[in-house]
Amino acid sequence: MANAYALGEAASRTTVQVDALFLFITLVSLFFFLLVEGLLIYFAIKYRRKKGAEPAATPDIRGNLLLESIWIVIPSLVVAAFFYYGYRVFRDIRTPSPGATDIHAVGRQWLFEFRYPDGRSSINELRVPAGRPVKLILTSDDVIHSFFVPDYRLKQDMVPGRYTTLYLHPDKAGTYPILCAEYCGVSHSTMRAELIVMEPDAYAAWREKKEAPAGLSLAERGKALAEKSGCLGCHALEGKEKFGPNFGKVFGRKVLLADGTSVTADEEYLRESILDPKAKVVKGYPATMPTFKGSLSPEDVGAIIAYLTSLSGGGREEKGEKEKREGAPANKDGEAEAVRKGKTLAETYGCLGCHSADGSVRVGPSFQGIYGRQTELESGGKATADEAYLRESINQPRAKVVKGFPNVMPEFKGKISEEDLSAVIAYLKTLKR
Amino acid sequence: MRETMWSGERPLNGNASPRGYLEEKGFWAWAYTLDHKRIGVMYLYTTLFFFLVGGVFALLIRIKLMFPGQHIFTNQTYNVMFTMHGALMIFLFIIPAIPSGLGNFFIPLQIGARDVAFPRLNLMSYWVFVAGIVVILFSLVRPMDTGWTFYTPYSARTSADVTVLSFGIFLIGMSSILTGLNFLVTIHKLRAPGMTWHRMPLFIWSMYATSIIQVLATPVVGITFLLLAMERVLGVGFFDPAKGGDPILFQHFFWFYSHPVVYVMILPAMGIISEVIPVFSRKPIFGYKAIAYSSVAIALFGFFVWGHHMFVTGMSGTAAIIFSLLTYSVAIPTAIKVFNWLATMYRGSITFESPMLYALTFIFLFVVGGLTGMYLGALGADIHVHDTYFIVAHFHYTMVGGTVMGLLAGLHFWFPKMTGRMLGEKMARPAWLLMFIGFNVTFFTQFILGFEGMPRRYAEYPAQYQALNIVSTVGSWVLATGVLIMFANFVRGLFRGAPAPPNPWKALSLDWQTGSPPPTENFREIPTVTDWPYGYAGRQT
């Protein structure tokens, strides 16, 4: 047990507080344990009757008011002390810490996503500087999960449709496991993340590096942001529309608004629509888009607008720049990019929670060598995992279930764009045996 | 050997036939029986069967947990197995075994009645129980993977047969309500002349308290499962936030039943201990009224503490503090009982036949279960160990160390009365020893695992927890060996046991003042009671 009863050695002050509470209850309980079990064994030996002996005449003791009062009053005082100490620790854990950084944490089958105030987000990795309290705002996208940091002795459920909060005091740099503690389905036990507490300097350096990803144009950064922020869940690029207007060719178009007026979709309109979507709703669409005010920084919004511009054939300068950078074999590089994107998507969607990339069998078949593999189906037939099969199995996994695997994969139809689907398949193709 | 007599006055009731109530044979004689003893025996066979089935699941779970990664079977299979282990053990074994099995058999005998108040209702309870089992078996088509707690929204979304399984449990709950009602009326109306409330055996007091809980709490879980079925089948949004419901509401409903129901499991076992300790100590029970009233107090307080299962769900701090305080209030009547049992042994003349061994084991293990509950009531500590193996260890110490040991004390105590044959002590002792050792090895390690942060319901776990998991698994084999020897001893006793005298333990309660096995209507004539059943002081046989 990594118990540290001294502040400074411990991962967090909560570790010290909770361990001290445990120690207190353990010592008092140990006393009662020894008392009761000791008396039990002592009486059993002292008053035992020899085998075959006649029972001795026993005294007619039916009660003793004083004794009974004592063993009502003393345990009452003891449990009152337990209650009070437990309450004190609980109060400290729950008391808001001034100056805490707000970080949103979302549980999803079967991963943790963290969203930082500056718009960054990460999967299964919570990176914070040591010495600065964190206010976690927890929720879930699907079923109940629980955010558990054993080293901090803290736990808080992540409930869909609700926000719960948890204050972390990352006092000591290090890497601490985060575990899901509320049963949430087939991969519950592999829903794990890491809390990485960095020295403030190292954290600042890491953040700077992270903030200016090398070699990405603004539009490319915008594209990544649009994917990460879930824009593409409602806005298709082209083709069949989802909940909102398509992104392709939106820039520069004249759009009719719900109130009858019309507006040109320029940068300002796009910016306003990202930060205050209900201000000017396009006619024929529901006003359901959430605001991204606060979750996307002005730079991020700018990047997304640059991306939207590039989709409409605008932003020629950037496009030219990109071509310049990539040189001739644009097609091949495009493919490599799709593979990279597919890999990120497979991680983000949690595919890798159930499908390994290294040939080991988890909940579902391994991704390694999946493309082109001959598989036996639960329904009896056989199938070759070609592109059409993979596409179907992602969209409607229940249609063809591989023999020997549980029928538990959720449908991704409507949740994944055509482009993303192609990227994931491109990634799968690369995982050869 | 002269038999110990009830108050020393009344002659022993003889047997109409040496086989007593077991005289009539054949399937229909059992299936249509209105005899509370036969119904009790049918319950015992059924529940003990599911004890073994649930035990097999437990062994498989433990084998899988010897390895941190994916081994032996898939995670999905593992999830199904811990769900089935929990659901079968709780709903088909531990809740009904003592009340419906031993309670059915011994409540009328101990209060000097010929049967329960509503024998037909009693038979119906059994068959509704069986119907529930059949429905549960149907759910195995798409086996449940939600854990026995059915938490929404997972249970509202999973493709497993939640609706079917919860309907099966609904039926079993109905059977439980009917049995509870039957017992309440029986205890109120059918006590023998002269048996005042304070002359009732303590097993009757505990069964009375248990029945109150069964009647008041079980409807809540029935309603909850109906709402869940409506959500799954009709799409009404009670619990799923996507449909406008509240998943935490489900937990409130669920624990409003499922916390009181842990007292349905433990109170009857405590009743058995209160019977066994004085008999084998040859001394009056200490603090009769304190034990009797504490049963009722536990039943009542038990209704107000359900929130302690939900400290980390995001319930308000104020609510959590109140639930924590109320939770500790249950500790006091429980502690009173333990001290009273100890005081009963003081200056006794103690022998250690198998019923007494199990009764002492109950006290020993239940004290550990109770003391570890102290951590869980304390808010700051519960937050850390909630939903870890600490909880698993704690409730196995109370439910196996407590209830199952109480049941086994009762089975060994009453085996001669129920079957007319003695159980062999030679096999009973090694079985007990193996179970005691195996149990502690299996579950004490889990306290440590839980404190170190291993969450429960984990098919795979971080490798750092492997060593203790292996120890725990080996312990489960020792425990299982003990259980097997014990069952072998039961079977041997049934066929080869020496004929039992009417009162082999020289106990004073009315159940021992009739034949072993008792005749069909229990007593040739209804006895008149003049004293309490614990007058062992100074009594020589």
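These questions and answers go through a few local features of a predicted model. Residues are numbered from 1 along each chain as its sequence is written, while chains are lettered from A in the order in which they are written. Local features need pLDDT of at least 70, and side-chain atom pairs count only at pLDDT 80 or more, whereas totals for chains, interfaces and linings use all residues.

Me: Is A:Leu256 buried or exposed?
Reply: A:Leu256 sits in strand E11 of chain A, residues 254-256, where a strand is a DSSP run (E) of at least two residues, numbered from the N terminus. A residue is buried if 20 or more other C-beta atoms, placed from the backbone, lie within 10 Å of its own, exposed if 12 or fewer, and partly exposed in between. Because A:Leu256 has 12 C-beta neighbours inside 10 Å, the residue counts as exposed.

Me: Which residues is A:Leu256 in contact with, leaving aside its neighbours within four places in sequence?
Reply: Two residues are in contact if their C-beta atoms, placed from the backbone, lie within 7 Å. With the neighbours within four places in sequence left aside, the contacts of A:Leu256 are A:Ser262 and A:Lys283.

Me: How do H7(B) and H8(B) run, roughly parallel or roughly antiparallel?
Reply: Helix H7 of chain B (residues 202-234) packs against helix H8 of chain B (residues 247-258) at an angle of about 150 degrees, their axes being 7 Å apart. Angles under 35 degrees count as roughly parallel, over 145 as roughly antiparallel, 65 to 115 as roughly perpendicular and the rest as oblique. Therefore H7(B) and H8(B) are roughly antiparallel.

Methods:
Helix = DSSP H or I, 4+ residues; strand = E, 2+ residues; numbered from the N terminus. Axes fitted to C-alpha atoms, helices over the stretch in contact; angles between N-to-C directions.
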